[in-house]
Amino acid sequence: MKKYGYFSDDKKEFVITRPDTPQPWVNYLSNGRYNALISNTAGGYSFYYSPKDSRITRWRYNSLPVDRPGRYLYLRDENDAHYWSPTWQPTETKLDSYQCRHGVYYTQFKSTYRQIEQQITYFVPLDDDLEIWRVHLTNHQHKSLKLKIFPFVELCLGHALVDLINQPNDQHFNEVFFNREHQILLASKRYWMRYQGATVKQANEAWDRYVFFASTFPVSGWDGSKNQFIGRWRSEANPLAVERGACFNSEITAGDAVAALQMDLTLEAGESKEFAILLGVVPRKKYEQKAIKVVQRFRNLDLIDSEFERVKSYWQDYLSHVQVKTPDDELNTMVNVWNQYQNLVTFQFSRDASYYHGGLLFGRGFRDSCQDIMGPVIPRPDLVKERIAEMSQFQFADGSTFHLYFPLSKNGEKTGHSDTPLWLPLAIMVYLKETGDFKFLEQEIPFYDEGKASILQHLLRAVDFSLSQLTERNLAKFGPGDWNDTLDYLGRQGRGESVWVTMFLAYILKEVVDLCQYLKEETLAQKYQQAYEKIKQTVNQHCWDGKWYIRGTTDSGGVIGSSKNEQGQIFLNTQSWAVISGIAEGQRAKICMESVRQILETPKGPKILHPPYTKIDPSIGLATRCVPGKKENGAVFNHPVSWAILAECLLGHAERAFDIYKRALPMNPVVDIDRYEVEPYVYAEYVTSPDHPTFGQASHSWLTGSATWMLRDVLDYILGVRPTYKGLLIDPCITGRWKEFTVVRSFRGKKYRVQVLNPAGKNKGVEQIWLNGQLIAGNLIDLKDEKINQLIAQRSTVEVKVRM
């Protein structure tokens, strides 16, 4: 990891020290509306709300060179016509020094070249829909320096997929012009395709945004034509306009669109100058007036600096709601900053805006979004409440849901994945435990197709729908897939069974029983308890293979995940969830997780299955078409790894749980960082297992459900400070090497500072708890208990001391 960078002393920035990382190492800029991905060489793309429907800039990850175009600045020395880029790309000039600092929703570059100190800070203000490139240049030469500066982006202007696959035709509708009076470049598209659901129809509208591109420094030239600025048979590395030292002042009504400006700057010896580039969007109606207003406001560098401080302050406040201090520095770094930040990004972008899918393939994943709320629910419960209400509108009256949905166009895709409806109840119950906002259950939300109902009814209909989809043996139908999307041909005829979905349903049933009992809905509690017991009995009767639980059955009656299989004999998910759901008890729980340790273990944690499929089996599906050791065919998939950690905690196996957690950490690549490739500061979706020659290579970083579960594994089960309907439960499951740790977390309007002492080196078990100096019974801070409420009533910070 240190070959390419390190965490800053306060851990709030990852500092990249050379530009040629094995893959682009990425960060996000966002205010929830205007969004951008930015790499360590200023690559990436920008979009408004939707990366597919409302893309602002172009980006081509799989082209050569990779990670182009981006948000670039060219500097040209007028003494000898030499030019370069302070971010290394796209000119790839060897800089004298280089540093990229990724922080929470901002990125800053610092570099030197020819004794010119260069700093560019990229961020998106909290309340305005633009990105700002804040530039600071210092001349350390002993002579005056004349520079020409060219900021540049390539524009998409609307639907990214249409732009990609129909580029020659789509460019007929582009328009770019320069407002000379106010020195603002403006661009839009007269034709806009967007997602319209299953029915494909000819679009007949213009993109509803205009892009503006401006500078705080006087502009002496501009270009809106890519052909003019770049020139034919050239690339971003050697644009014709930069090479000749002047823009062409081009405007277009058709053709490939760019936004490029030219500024002339003189720096005396030792002198510094500052300016900013403004790239943003405004609504189409009265766009010119609106763009002028925004640009004039942000041509104030003091305002820009105050907005940057607001961004940093806002997100530092977000992180402050969960802070831990343990003997493990890597755990502290992840929980206090990067795991929270990654979870925030997944909450905001689901699986939609990444470097891997380019924002082209997906909408907002229903199952993904339901899980992603588990991190932000602590610092921003109001946003989570809004998200749950939004997702509930994409549920049907029978309790089924879309698998993907598109908030911008209010459409979705219903695939029939058997697990998808059950994630909504999970999200609702996580929110209720965290907030105690049981009034939310009464809020009425419309179904997607017809009628409306309370949130409680949305929850129950999801459960009832899943119960209605059981086979005669009382196991869940597989359908076209479950959490593992690549097991996609086991149940398309309606007979294949998913043992994992059955376990997940059992877990949800158990949770719903707890909720109904808390609400004093005893009839409902009894109904779902009976359903749980029936499923538990069925799974143990039909799905135990001797040392582990099978994964499922096929439409033809075959079994996968059995010792009888030649390939795919054991799957991780049906072992961890057997424990999580309570289906496996006593020896079976221990035996199945011991099988995980013996058979699935790798240096990066347990892999998803073993042995991987080496022969394609069309009756199973895509998993068997993946190369052995990658993706769902035997990789170390971090999402299931997080569930294995949870299962070990529930069994009280503290040392084993912590060992898996440490193996899975992104700053612990196990192999050389050039093999690992992706960012060492966020979780990747998967790591290639030893079943493939490229063991240790990771992929699909940032947008993965691993982030939210890893965070809650640590906070709720390893450190053991977790919410219940009644209050806060203190139940650590830690390595015996720790003698003390502290958790500070917000809960229902107060900060709780939990200090845990472990003088005897125990793994589990709370001996005594003092609440604001008073000894209390048990290990639950029960907010329904009057005595406890009296102890915490007058305190904004509640002091909790725990002795194990």
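This is a predicted model: local features need pLDDT of at least 70, side-chain atom pairs count only at pLDDT 80 or more; totals for chains, interfaces and linings use all residues.
Next, select strand 12 (residues 130-139) together with strand 19 (residues 272-283). The two run antiparallel and are joined by nine bridges. To locate one of the paired positions, display Leu 130, whose bridge partner in strand 19 is Gly 280.

Move to strand 4 (residues 34-39) and show its side chains. Six of its six residues are buried, so the strand is largely enclosed by the rest of the structure. Tyr 34, Ala 36 and Ile 38 point one way, while Asn 35, Leu 37 and Ser 39 point the other way.

Then inspect the two hairpins. The hairpin of strand 3 and strand 4 has three residues between the strands, and Gly 32 takes a positive phi near 95° there. In the hairpin of strand 4 and strand 5, with six residues between the strands, Ala 42 takes a positive phi near 70°.

**The largest nonpolar core**

Which residues touch the most other members of the largest nonpolar core? Select Phe 229, Tyr 549, Tyr 661, Tyr 752 and Ile 781, which hold that position among its 264 residues. Helix 12 (residues 499-518) contributes the largest share of this core, 14 residues.

Zoom in on Phe 229 and display its surroundings. Beyond residues up to four places away in sequence, Phe 229 touches several residues, among them Tyr 74, Phe 150, Phe 152, Pro 239, Phe 248 and Val 258. Asp 223 is also one of the residues touched by Phe 229.

**Aromatic pairs and charges over rings**

The whole structure contains 63 aromatic pairs. Select Trp 59 and Tyr 355 as one example: the pair is tilted, at 4.3 Å centre to centre and with 50° between the planes. This pair links distant parts of the chain, 296 residues apart. Trp 59 lies in the loop between strand 6 (55-57) and strand 7 (72-77), and Tyr 355 in the loop between helix 7 (329-349) and strand 21 (364-365). Both residues are buried.

Tyr 431 is buried at a relative accessible area of 4%, and Phe 440 is buried at 1%.

Two arginines can be shown next. The charged end of Arg 380 sits over the ring of Tyr 314, 4.8 Å from its centre. That of Arg 387 sits over the ring of Phe 347, 4.2 Å from its centre.

**His 403**

Select His 403, in the loop between helix 9 (381-392) and strand 22 (404-406). Is this residue buried or exposed? Its relative accessible area is 11%, so His 403 is buried. Leaving aside neighbours within four places in sequence, its contacts include Arg 364, Arg 367, Glu 413, Lys 414, His 417 and Asp 485.

Finish at the open sheet of three strands, which has the order 32-33-34 and antiparallel pairing. Strand 32 (636-637) and strand 34 (698-701) are the edge strands, each pairing on one side only. Two bridges connect strand 32 to strand 33 (residues 684-687). Within this arrangement, display Phe 637, which stands opposite Tyr 686 in strand 33.

Technical notes:
Residues are numbered from 1 along each chain as its sequence is written. Side-chain values use heavy atoms; hydrogens and water are left out. A nonpolar core is a set of buried Ala, Val, Leu, Ile, Met, Phe, Trp, Tyr and Cys residues joined through side-chain atoms within 4.5 Å. Buried means under 20% relative accessible area, exposed over 50%, partly exposed in between (1.4 Å probe, protein chains only). Helices (H or I, at least four residues) and strands (E, at least two) are DSSP runs, numbered from the N terminus. Contact means heavy atoms within 4.5 Å. Two strands pair if DSSP finds at least two bridges between them. Rings of Phe, Tyr and Trp (its six-membered ring) pair if their centres lie within 6.5 Å; planes under 30 degrees apart count as stacked, over 60 as edge-to-face and the rest as tilted. A charge sits over a ring if NZ of Lys or CZ of Arg is within 6 Å of the ring centre and within 35 degrees of the ring normal.
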